[in-house]
Amino acid sequence: MPEKGAMSWPTSSKPSPPLLQWRLGFVTSLVLVGMVLIWSMDATTMRNLVEATKTQQGYLTTKVSAFANNIAQNHQNKEVSTAHIVVNQTRKDPNLTQLKIQMDSQDPVNDTQNVSLSDQNSSGVYVVPASLDWVSAKIEPNVTKNLLAKWLAPGGEACRDAKTVEIAIPGLDGKDLIELSAGEIYEFGFQALDESKQPRCLGGDYFETDLSGESWKSRPVVKDFGNGSYSVLLQVHPDFKGSYNLTIILLFRHFEGLKFSPSRFAYDREIRRIPIRFYKGLAQLPELQVCKESDFGRDVWSGRWTRHGRNDECEISHDGRYKCLSPSFPCQSPWCNGSLGALESNGWVYSTHCSFRLFSADSAWKCLNNRWLFFWGDSNHVDSIRNILNFILDMPEVQSVPRRFDMHFTNPRDPSQKVRITSLFNGHWNETQNYQGLNSLKDEGFRKLIKKYFSEDKVPDTIIMNSGLHDGIYWSNIRAFSAGASYATSFWVEIMESIRQRGLVMPKVFYRTTIATGGYARTMAFNPNKMEAFNWILVEKLKQAGIISGVIDNFDMTFPWHFDNRCNDGVHYGRAPAKAKWRDGLIGHYYFVDLMLDHILLNVLCATR
């Protein structure tokens, strides 16, 4: 009986005919000649052959063994193994192209883009199915619980106690220029290293990332796998091919940005600036659509700023404004809809998984007519309300608004159109003070003040709320903030329940995430590391309670501009224009980031009408 799995062929005692023997000898000779020709090819010939035929290649997978040789080590219950580059060099269907590096780990955290590999063939090549779409991110399930567990993870081993000072990116390091096809999503794994160049086996490092070209700025998504390995995702639309820099800054190590006084723990060092050229291949992304109400259901955005016009001779006006393009300068579809010149951004505009309308005064008043808007948040809300009135609703006479007010505004061109805006500053229960944040709800008088506006026969139709920078100063750690967020959530649940019991129309509630503080403020108590974590915690609790209708991700919007103070004073992106010395020593500042947010707020309000 043959061995299991072997194939048994019938035998014959008759000798092979001469013609068959001649054919066999001829075929053998051809094979030998072919092998000699292949062996005689030099490296240049082989490279040219690959380049000439790469458009007909399938999906290829190659192991990067150098990474394993240098830094991969086994640790108890954790293993850093080799990265895998998954390449599709071009298939007949251009929408199915992808290059990824995957970090193999036993317990990846928030790994939402695992690739399924088919069986490995005899040559070690994998065939990988893939689909092309916009890069995206989301809050991991049970983020509060998991964040606390990772923050409190014990040490006891050298790889857990050591601090990160460097990283290794096997897919990018050691190359003068990286060339990638635009449109595809690239996921490059990297490993945190200590001062001895040994791999760390705990996560929690906070990396600031920036992908910038002449007409593109975005924050590449970073995944933390919890064991010292990370990955970064890159994507550029084919319309924006060209030269870019990928910058990676290690701002804080192992959750140190979440400490009560984090400034003394800040690392804040640029550890990579990698030039990348994106070329236009055959890949095509789904065209962006103007945002609908359902588009605001995403917890986290992964947007980008793109530039569609430019005036290099533009100078600041006497009133501090940058009117670089004509007010009628149009948006370019599909990146926005309306007048790009009105944004006063010298051609920049923000989009995410959808694009936004930029409103004229007439369309904005039509949307807001007879509405009642209720704002509950920090002083960035105060700036936004003033800018909506000044820049969009064409009311330049409103030079400022107080932290706490309830006012009716009338369209100066059409007295029949009115909007009611109520704003309550939540940085402190006393509007003249600061640094209480959500703890301001502990004051009975402040709670009664809020409830008053929801005890009338008519209640606000839309609520815009945020936690704010003051929480970063007040709460001593994430456990304390989590308790404060739970209390705030229960307070708003009580308000919503009282509205429901009275049979009134329930307000739409949108959470506006706290900004990414800029420049000098990046290492302070309200640093981006802490504010992003606080955003996740509060969004999770509000969603679990069924309170919020959607999210406006102001953190993602502001992040590409937070590395210096050109667009912010550290804690505000919407300060009124002024031809005066700014925080960075220059005259004037850019205010268009908050103006973009104001138009997004109108997109939310008009989509829900």
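Reader: How many nonpolar, polar and charged residues are there in the lining of the second largest pocket?

Author: Bear in mind that this is a predicted model. As a general idea, rolling a probe the size of a water molecule over the atoms shows where empty space is left. Here the lining of the second largest pocket has 11 nonpolar, 6 polar and 7 charged residues, and about 570 Å³ of space lies in this pocket. Its lining comprises 24 residues, of which R321, E344, N390, F391 and I392 are the closest to the centre. The largest share of that lining, 5 residues, is supplied by α7, while α7 (379–392) and α13 (592–607) each give at least two residues.

Reader: How many cavities of 30 Å³ or more does the structure hold?

Author: The structure holds 5 such cavities, and the second largest cavity contains about 130 Å³ of space. It is lined by 15 residues, with V135, S218, Q235, S302 and G303 the closest to its centre, and β10 (216–218) and β12 (229–234) are the elements that contribute two or more residues to this lining.

Reader: What should helix α11 span, at 1.5 Å a residue?

Author: The 17 residues of α11 (residues 528–544) should span 24 Å, and because its end C-alpha atoms are 24 Å apart, the model agrees with that expectation. This helix is mostly covered, with 14 of its 17 residues buried. At the start of α11, a side-chain oxygen of N527 comes to within 3.0 Å of the backbone nitrogen of N529, whereas G546, which follows α11, has a positive phi, near 70°.

Technical notes:
Residues numbered from 1 in each chain as written. Predicted model: local features only at pLDDT ≥ 70, side-chain atom pairs only at ≥ 80, totals over all residues. Heavy atoms only, no water. 1 Å grid on protein atoms, 1.4 Å probe; cavity = no way out; pocket = protein on both sides within 12 Å on 5 of 7 lines; lining within 4 Å. Points joined across faces, edges and corners; volume = space filled by probe spheres on them. Helix = DSSP H or I, 4+ residues; strand = E, 2+ residues; numbered from the N terminus. Nonpolar A, V, L, I, M, F, W, Y, C, P; charged D, E, K, R; others polar. Expected span 1.5 Å × (residues − 1). Buried < 20%, exposed > 50% of the residue type's maximum accessible area, 1.4 Å probe, protein only. Polar contact = N/O pair within 3.5 Å; in protein donor to acceptor, adjacent residues only side chain to side chain.
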